[in-house]
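Keep the picture open beside you as you read.

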Amino acid sequence: MNHKSRNSLIFKFVSVFTLVSLPLFLLLFFSNTYAMNLVRDQVAQTNSSLLSGQMSHIDNKLSEINTYMFRLALQDPAVISLELQPRGSDEYLMTRIAAANTMEKDINYYSELGALFIYSAKTQDLVMTRANGSQIPQNKGTEDFIYEWMRSEGQAMKQEDGWKTLKVADIPCLIHVVKSGASLYVGSIIPIQSLAAPSNKVQLVADEQIIFFSEQAEPLTATTISPDYLHQLTGKILQTDKAFHTVEIPDKYLLVTNRSQVSNMIMTVLLPEKNVYRQLSLLQKLIYFLPFAIGCLLIINLVLLKKIVVNPIIRVVRAMRRIQEGDLQYRMPPSHSKELDLLSETFNTMSSEISSLKINVYEEHIKTQQAEIKHLQLQINPHFLLNSLNIAYNLIATKKSELAQKMIVHLMNYFRSMIRSPHKMVTIAEEMKQMDHYLQIHKMRFPLHFDYAIEMDDGVGELLIPSLIFQPFVENAIIHGMVMQEEGFHLKITCYAERATDTNGIWIQIEDNGNGFSESALQKFVTSGQSLEGAGNLGIQNVKQRLQAYYANEAKLVIGNRLEKGAIVRLFIPKK
């Protein structure tokens with residue numbers, strides 16, 4: 001941005017508006033963010049407390065079942081005797097039935113229990129009892145699975161390991177084993193889904209979910225989350241030990257976690273953030289509405305300020321630019337404001353005075369220019385006239401009357417064109433004819449050393465141009481450029497129409513094979529626009545002034561040297 005743009009009223013008003021509104025918007029944004037974070041943290045804390053209470057309830061249930069398992073393993077006579085009897089004996093069979101009856105009677109006291117079992121490593125026997133309505137299927141496959149698991153892994157479990165997650169018949173369960181004696185083990189199986197039953201879990205709102213995970217973050221209960229987002233969710237659980245944080249799966253959810261103290265389960269609650277902020281819907285709407293309302297008020301204030309103050313000033317600036325561009329007839333309309341109306345009236349008066357002054361100056365300039373043109377027309381080169389008359393005299397003396405008559409006719413027609421009115425617009429054909437008289441005279445003076453050619457495109461001969469507009473360049477070419485050389489001095493005048501589609505005008509080109517312009521003269525003309533050096537300066541300067549008067553900046557004058565030898569002048573005149 002340039003310096004002028006920074007100093008404009010619009011830029012300053014917008015800058016002030018930005019400086020005032022930006023801190024306000026930032027404050028509102030900070031307040032909104034702070035309020036939303038505060039509500040989210042409070043809801044998370046509440047859910048974390050409820051979840052902690054629920055997990056404590058589950059841990060207490062697990063501890064009760066654990067206590068029962070110790071009592072069964074260490075105090076029940078049937079279980080203790082089972083290890084002492086040899087397998088296959090009647091005593092072993094009776095003891096086994098008694099132990100099974102005890103487990104079948106006790107299992108219904110604990111609603112969470114899915115199954116109880118006794119495994120003897122000594123006799124390689126398994127006694128298993130399934131609770132009524134348990135999710136664990138009662139079939140040979142389930143018993144075989146527990147039997148094989150006890151043989152391979154179950155015996156290695158220690159008391160401090162607590163409850164472990166295990167899939168029994170593809171059902172996620174908690175399993176715990178207590179050792180009784182040297183080779184006897186008492187175990188219990190709890191389907192995790194029973195721990196998440198509606199009667200035990202926290203009261204949920206719409207779209208809220210409770211999910212149990214293992215210590216490897218493997219989901220243990222059903223969920224509606226897609227596998228891709230579930231993988232992202234489990235990654236979040238493993239990465240942090242925070243009680244709650246925000247996840248996007250893909251909508252934003254508040255994730256609250258709590259770990260069991262007696263098992264390797266992780267209990268989580270997924271709460272949509274939209275439900276979190278629903279409790280403060282009115283405050284949230286107000287927080288969102290305030291920046292919008294204040295922004296609208298500031299914009300309305302800015303628009304009114306622009307309409308009342310800035311727009312009238314802009315109208316004054318535009319009016320001044322139109323005056324600067326030359327539209328002196330423009331007048332400012334009256335304003336509804338007293339001060340601005342006085343400014344408009346003063347401006348219009350000033351414009352009228354400038355217009356009158358410029359017309360007077362322009363008229364004086366025209367008169368001065370006409371005097372200079374008249375002076376140029378009367379500035380007849382005495383050497384040219386005397387030499388021409390001397391040639392005519394010699395032709396008469398040598399009895400070459402026809403050539404003498406031809407010389408006098410050319411001389412007479414040339415000077416007749418020179419003294420015509422400077423205001424007259426002539427056709428290109430008439431101007432070229434006048435140049436032909438002038439060049440014929442020079443050709444008769446130097447028959448062996450001078451030649452010329454005049455070429456015109458079809459259709460350009462009837463176009464009007466100011467009289468004597470390019471004659472000074474022809475005179476300069478002969479006076480300063482002609483040299484006596486073996487190939488002679490050749491001068492060519494060409495007139496052709498502009499071939500560009502976006503330009504309408506003609507080009508007049510004068511070129512020769514003479515001395516050409518010096519580098520210093522060309523540099524002076526190109527860089528400063530001053531006239532070339534030499535006697536023809538007045539004529540060239542006059543041509544430039546006349547072109548400016550007739551065509552303003554539409555006309556063009558190009559001066560330079562040819563590539564081979566000599567000078568070239570190109571003059572563009574727009575069609576009027």
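**Starting at strand 1**

Phe117 has Gly187 as its bridge partner in strand 5. Before we go on, a word on the model: it is predicted, so local features need pLDDT of at least 70 and side-chain atom pairs count only at pLDDT 80 or more, while totals for chains, interfaces and linings use all residues. Residues are numbered from 1 along each chain as its sequence is written, and side-chain values use heavy atoms, leaving out hydrogens and water.

Strands and helices here are DSSP runs numbered from the N terminus (helices are H or I, at least four residues; strands are E, at least two). Two strands count as paired if DSSP finds at least two bridges between them. Strand 1 (residues 115–120) and strand 5 (residues 184–191) run antiparallel, joined by six bridges. Strand 1 also pairs with strand 2 (residues 125–130), again antiparallel and over six bridges. There, Phe117 has Met128 as its bridge partner. Four residues lie between the strands of this hairpin, and Gln124 takes a positive phi near 55°.

So is strand 1 buried or exposed? Buried means under 20% relative accessible area, exposed over 50%, and partly exposed in between (1.4 Å probe, protein chains only). Six of the six residues of strand 1 are buried, so the rest of the structure largely encloses it. Ala115, Phe117 and Tyr119 point one way, while Leu116, Ile118 and Ser120 point the other.

Now jump further along the chain. Five strands make an open sheet with mixed pairing, in the order 11-13-14-16-15. At its edges sit strand 11 (450–456) and strand 15 (556–561), each pairing on one side only. Strand 11 runs parallel to strand 13 (residues 489–497), with seven bridges joining them. Within that pair, Ile454 stands opposite Ile493.

Helix 13 (residues 428–445) packs on this sheet, touching strand 11, strand 13 and strand 14 (505–512), where contact means heavy atoms within 4.5 Å. Of its 18 residues, 13 are buried, so helix 13 is mostly covered. How far should its 18 residues span? The expected span is 1.5 Å times one less than the number of residues. For helix 13 that gives 26 Å, and its end C-alpha atoms are 26 Å apart, which agrees.

Finally, the cysteines. A disulfide is a pair of cysteine sulfur atoms within 2.5 Å, and by this rule the count is zero. Cys173 is buried, with a relative accessible area of 0%, and Cys495 is buried with 0% too.

Conventions: Axes are lines fitted to C-alpha atoms, for helices over the stretch in contact, and angles run from 0 to 180 degrees between N-to-C directions.
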